[in-house]
Structures are given as C-alpha cells and as structure tokens.
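Keep the viewer open as you read.

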Amino acid sequence: MAATSSRPAARRVPFPIFEDESKPLDLSTLPSDHFLAQRPVTPPRPESVIDEANWADRARPDTSSLAAADYDVSVATGFLPPEEPVQTLRGVGHGWDEVENALERAQEEAASMPGGGVGKLSEGWRESVRRLPRASVDVLATLPMIRRAHTLLAHIEHFYMHSTFPSQTVVCASIAAPLVEVSDRLGLPPILTYADTVLWTWKMTDKSLGLRADNLEITTTFTSTPSERAFFLLSLFCELHGPSILRLMSSTLDESFFADSIALARIATYLNSISALIDELTALMAGATRGPFGPEGRERISPEAFYWEIRPWFNGGKWTFEGVGKNGEDKVMEWGGPSAGQSSLVHALDVFLGVDHAPRHGHAQSSADKANGHESQGFPNTFVEPPSPTAASSSKPAPPAIVVDKAALHKAPSDETFMQRMSHYMPGHHRAFLRHLESLHHPNPSAPNAPVLPSLRKLAKRHPAELGQAYDGAVAAMKRFRDQHMRLATVFIVQQARREPARESVHWAEWEAKRVKKEAEKEERRRLGLVEGAKREAIAGTGGTDLVTFLKRCRERTVEALLQQE
Ligand code: HEM
C-alpha cells in the first residue's frame with residue numbers, strides 16, 4: 001500500500017534510471033548535454049573532466065566542493081565504462097600499430113607453448129619490444145583510447161617481464177615511458193590492474209543485445225585459453241550487478257536525509273534488495289568453485305591451469321622503469337599484480353555498510369582524516385638514491401642516480417592496510433568516488449553548515465526496530481560473500497600450491513627443489529628425534545599477502561559490523 005504523509009516531496013536527485021535495463025543504452029537518444037551522452041570525452045587529465053551528475057549532487061545538498069568532479073560511475077553500467085571499450089589502437093599510427101603487433105606476437109607465442117608460455121617467450125620477441133618506436137600518447141584523443149593504451153602496454157609489460165624465468169627486472173624504455181605517461185593520466189600505477197583485465201577488456205558478441213552476461217567476451221589475455229577468459233568473466237559478471245547495487249545505495253542515501261518512518265521502511269526494502277544482489281555474487285562464486293558457472297554453465301576455470309599457467313603472468317614486482325624519471329633517469333617501483341581486491345564495487349559496499357578494514361590501532365590514519373582529504377594521494381613520493389659511499393669515495397665517476405619510488409614500495413605488505421592500498425590500483429575517478437562516499441558522513445570543510453548524512457550503520461543503530469534486521473541482513477550477506485570467496489581462494493590457490501606443477505612448466509624445477517629440501521629437513525628432524533609438527537607454509541596472494549590470514553581478517557571485520565553479533 002502506498003504510504004501517504006505530509007512529508008516533503010522526495011529530494012530526487014539527477015540520477016537517471018533507465019526503464020528497461022535489458023536494452024542497450026542508446027547514447028544518441030540522450031540530450032546532448034546529458035552526462036552519459038558526452039562520452040567519450042577527451043580529458044587530458046582525469047581531474048579536468050566533466051559535469052557528470054556526481055554522487056555529491058545525489059547525496060548531499062551542498063556540492064560546492066565537488067562541482068567539477070566526475071567519478072566515472074554510471075547508473076547504466078556501474079564501474080564498467082558506458083560504452084564498449086576500444087579494442088585496438090591499430091590505425092592510430094604514431095607507433096601504436098607496432099605496439100599492438102608486439103602484443104599479438106606475444107599472444108601467439110604463448111598460445112603455441114604447452115604450459116601457458118610463462119618464462120619461455122623468445123629473445124627475438126623481447127628484442128623487438130626493446131626496439132619499438134616510442135608510441136605517442138598525445139595523439140590519443142579520447143579517454144577510451146587512453147584506457148586501451150594502458151591495457152595494451154601493461155599486458156606487454158607483463159609479457160616482457162615474465163617472458164623469462166626468473167623474470168626480467170627492467171621494464172625497457174619503449175614500454176616504460178608511454179606506460180608511465182598514460183598511467184599518470186588515468187590515476188593508475190604503471191602495472192596491470194583489475195581495470196585492464198576486467199573493466200576495460202570486454203566486448204559484446206552482438207551489439208544489439210547490450211550489456212548482459214550471455215553477450216560478453218574477454219578480449220585481451222595472456223594465454224588465449226578458455227580458463228583465463230572465464231577467470232576474468234567471473235569478475236565481469238560480478239560487475240554487472242554494479243548498476244543495481246549503486247542505484248539502491250543512492251536511493252538509500254536519499255532517504256536517509258529524511259529518516260522518517262516512510263524513509264526507514266524504504267531503506268529496509270533497499271537493504272533487503274542489496275542483500276539479495278550480494279547473494280547473487282556469492283552464488284556466482286559458488287558456481288565457479290564447483291566448476292561450471294555463468295550463462296548456461298558455459299564457463300569453467302581449470303584450477304591447475306589458473307595457478308600454474310595463467311596467474312604467473314599477473315605477478316607484479318620491484319622493477320626498474322627505464323628512463324621515466326624527471327630527467328630521464330631510471331626509476332625503481334614496486335607494485336603488486338591485478339586482483340579483484342581492486343574492484344571498487346566491493347569497496348563501495350564495505351564503505352556503504354560501514355565495514356571498516358582500517359587498522360584498529362597503531363599509526364595508520366583515522367577514517368575521519370581520510371574523509372577530510374588528509375590522506376596522501378597514493379602517488380609516488382620519489383627520492384633520488386645517492387650513489388653508494390664506495391662509489392662516491394673512489395676516483396671512478398659515480399653511477400647515475402636512480403630514482404626510487406618510495407611510496408610505491410609495497411613490499412612486506414601489512415594485511416591491515418591492504419584494502420586501502422588496493423584503492424591506489426583503481427582508476428583515479430573510482431578512487432575519488434570511494435573517498436567521496438566515505439566523506440558524506442563527515443563535515444564538509446568547505447560547507448561547514450551543510451547537514452552531515454548519518455552513516456547507514458549509525459542510522460540502523462538509532463532505529464533498530466525499523467532497520468536493525470535489514471542492516472544486519474546486508475552485512476551477513478557480505479560475510480557469506482567472503483566465506484564463499486575464501487573457498488574460491490582455497491580451491492584455486494591454496495590447494496594448487498600444494499600440488500606438483502606439470503613437468504613442462506618452468507615452475508617444476510623450483511617446486512621439486514623445494515620438495516627435496518623439505519624432505520631433507522624432515523629427515524633431519526626425525527634423526528634428531530624432534531616431534532614432527534604440522535608446519536604449513538604461508539601462501540601468498542597476488543598482492544603478496546599471507547592470503548588465508550588476510551582473507552579471514554577481512555571476514556572478521558565484516559562480522560564486527562553486525563549490530564547483533566552472531
Ligand atoms: C578464481 C577466482 C578468485 C581467486 C582465486 C581470488 C583470490 C584472491 C586472493 C588470493 C585475494 C587476496 C588478495 C591478493 O593477494 O590479491 C583476493 C582478494 C579479494 N578478492 Fe578475490 N579471488 C577470486 C575472485 C574474486 C571475485 C570474483 C571477486 C569479486 C569481485 C573477488 C573479490 C576480492 C576482494 C574484494 C578481495 C579483497 C579481500 C576481501 O575483501 O575479502 N575475488 N582474492
């Protein structure tokens with residue numbers, strides 16, 4: 001029954017809702033000044049863009065501090081771009097055709113080798129990469145083209161670095177220079193990210209059918225295998241839930257301004273719908289854990305192939321980027337490889353529900369600090385490493401200084417700050433979106449008299465009868481999501497790490513050496529009469545985390561958000 005009251009008309013914010021989501025969004029039907037119709041835009045830098053109807057317009061009355069912001073989040077496509085990504089820079093000239101050719105050759109070599117090709121690409125291919133003409137970033141006229149450039153260069157970078165075993169350590173100038181330049185424009189690090197492997201790497205099989213799970217293909221991969229495509233499709237299918245989730249989040253924020261009985265009832269309904277959508281993500285992951293998943297069960301990721309043949313291509317590392325320093329010096333940076341931990345969708349849900357991954361104590365920043373914009377931008381403070389004392393005191397000329405990117409040195413990561421660090425691997429707009437989402441619940445320094453929106457968790461605490469169950473229901477759905485995600489990580493990583501790789505894999509010799517060493521140690525302990533303990537080696541995640549401890553911690557933090565502790 002429709003509720004009636006003297007309540008003011010709902011503050012409807014400029015958040016277009018498309019009636020029929022199954023139809024593709026026809027941009028030509030939108031008014032020319034509509035924020036979606038304006039894409040693709042040509043922002044030379046992310047900050048310079050756009051009059052998108054931004055989150056602030058929707059969620060708080062005062063938007064003065066955010067008037068120029070564009071979070072690149074669409075109600076039609078969520079964190080996916082509103083149009084099919086640019087698939088190739090062939091035809092652009094200025095060096096890009098050669099770069100596309102280099103990627104294609106690497107893919108052909110890798111596909112022709114048993115074991116996915118890691119560590120086995122030819123020196124001829126590497127030499128051809130080093131000789132590539134420097135592709136010009138200035139000729140890339142649109143944002144989607146700049147994104148393609150990042151995806152393209154980051155794939156070649158990883159092909160190049162892992163083309164030998166052990167991996168290369170120097171990203172050659174022909175790749176490093178344009179990659180650092182496009183990364184800078186996108187607010188991304190110069191490494192393969194979730195955006196390159198999922199958000200910007202799909203196409204529609206039939207354009208007339210629009211964006212839906214049974215109509216999507218992954219276009220750029222390392223191994224050209226169905227397993228690799230299925231691995232990325234799994235995340236892409238999750239992202240397809242983004243628009244519905246974001247719309248419900250937006251409506252919830254609208255209603256929480258009123259917080260009257262109608263608003264609370266609506267919020268409870270929205271939260272129930274969000275729970276159901278999170279459960280759909282969980283169901284997708286459950287399918288992939290068991291085997292076939294996706295439309296008509298067409299997709300399947302082979303755990304062995306994923307772990308030994310596909311995943312090694314993703315590894316990041318501490319690499320020297322040739323000639324990218326201010327004065328053309330080399331620069332050392334360390335970055336982790338791509339992970340769905342970089343998905344803004346999951347972070348947005350955490351922020352919205354008040355799941356707090358921040359360190360509980362110690363030196364890290366408070367979330368209030370972050371919300372007030374006191375957080376570092378996450379982009380590199382660099383310093384020049386002085387020549388070593390021996391070199392300085394000797395009569396020989398000092399070697400050229402190397403710029404070390406200190407902020408990017410992500411070694412020995414603390415799992416407590418992983419979620420924060422992952423945000424640095426998101427496109428700049430999405431990172432800004434998440435910051436803004438957090439900041440809604442803190443005073444806006446540039447508009448001190450503007451009302452501050454209560455966080456959803458606070459609201460639920462204040463109105464337990466109306467919201468308690470629905471709020472806890474959504475948090476419990478996030479916990480189920482993380483339970484299932486842990487199973488996925490167990491099947492695809494933990495179990496595989498304990499199994500022997502194929503003999504033709506470059507990993508076999510290392511694995512065998514480790515096994516022999518462990519046997520010898522075991523034997524020695526037995527000889528000394530020491531009791532055999534159940535000692536298990538910690539297994540690292542793609543981002544270098546001790547993954548089981550880390551994933552458990554994320555789940556614990558989720559449970560902590562429940563109002564009624566389980
Ligand atoms: C076979 C599929 C998957 C595997 C093997 C996997 C594995 C992992 C691993 C090892 C981590 C630890 C962080 C790291 O070192 O990267 C992680 C984190 C994470 N993954 Fe996945 N993942 C998979 C699919 C997904 C999907 C489909 C999503 C949803 C979009 C997802 C979301 C996350 C999130 C949000 C984190 C951060 C930790 C958390 O929030 O609980 N993963 N994943």
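Serine 224 sits in the loop between β3 (216-218) and α7 (226-239); helices (H or I, at least four residues) and strands (E, at least two) are DSSP runs numbered from the N terminus. This is a predicted model, in which local features need pLDDT of at least 70, side-chain atom pairs count only at pLDDT 80 or more, and totals for chains, interfaces and linings use all residues. Numbering starts from 1 along each chain as its sequence is written.

Serine 224 has a positive phi of about 55° although it is not a glycine. Most residues other than glycine have a negative phi, and most peptide bonds are trans. Histidine 94 belongs to the loop between α1 (55-59) and α2 (96-111).

How covered are these spots? A residue is called buried if 20 or more other C-beta atoms lie within 10 Å of its own, exposed if 12 or fewer, and partly exposed in between, with C-beta atoms placed from the backbone.

| Residue | Other C-beta atoms within 10 Å | Class |
|---|---|---|
| Histidine 94 | 15 | partly exposed |
| Serine 224 | 15 | partly exposed |
| Methionine 422 | 23 | buried |
| Histidine 485 | 20 | buried |

Proline 166 lies in the loop between α4 and β1.

Since 18 of the 19 residues of α4 are buried, α4 is largely enclosed by the rest of the structure.

With 14 residues, α5 reaches 20 Å from its first C-alpha to its last, close to the 20 Å expected at 1.5 Å a residue. α5 is mostly covered, with 12 of its 14 residues buried; among them are Pro178, Glu181 and Arg185. What does the covering? The list for the buried residues of α5 includes α3 (123-130), α4, β1 (170-171), β4 (317-321) and α15 (428-439). After α5 comes glycine 187, whose phi is positive, near 70°.

One of those covering elements, β4, also pairs with β5: 5 bridges join the two, which run antiparallel. Strands count as paired if DSSP finds at least two bridges between them. Glycine 317 has tryptophan 335 in β5 as its bridge partner. Strand β5 (residues 331-335) is mostly covered, with 4 of its 5 residues buried.

Now for the inside. A nonpolar core here is a set of buried Ala, Val, Leu, Ile, Met, Phe, Trp, Tyr and Cys residues joined through C-beta atoms within 7 Å. The largest one has 124 residues, and those with the most contacts inside it are Ile156 and Ala474. Helix α9 (residues 261-290) gives the most to this core, with 12 residues. Leaving aside neighbours within four places in sequence, alanine 474 is in contact (C-beta atoms, placed from the backbone, within 7 Å) with Leu271, Ile274, Ser275, Ile278 and Leu353.

Histidine 485 is in helix α17 (residues 464-497). An unreviewed UniProt entry annotates His485 as "binding site"; such positions are given in the numbering used here, feature names are shortened, and annotations may be inferred rather than shown by experiment. Not counting residues up to four places away in sequence, histidine 485 touches Met285 and Leu551. Methionine 422, in helix α14 (residues 418-422), touches Gly341 and Gln342 under the same exclusion of residues up to four places away.

Zooming out, the chain has 19 helices and 7 strands, and buried residues make up 42% of its 566 residues. Among contacts between residues at least 6 apart in sequence, 75% join residues at least 24 apart.

How far should you trust it? The average pLDDT (the predictor's confidence in each residue, from 0 to 100) is 79, and 75% of the residues score at least 70. pLDDT stays under 50 over residues 363-401, for which the model has 50 contacts beyond four places in sequence. Residues 1-5 also stay under 50, with 2 such contacts. Where pLDDT is low, the predicted coordinates should not be read in detail.

Definitions and conventions: Expected span 1.5 Å × (residues − 1).
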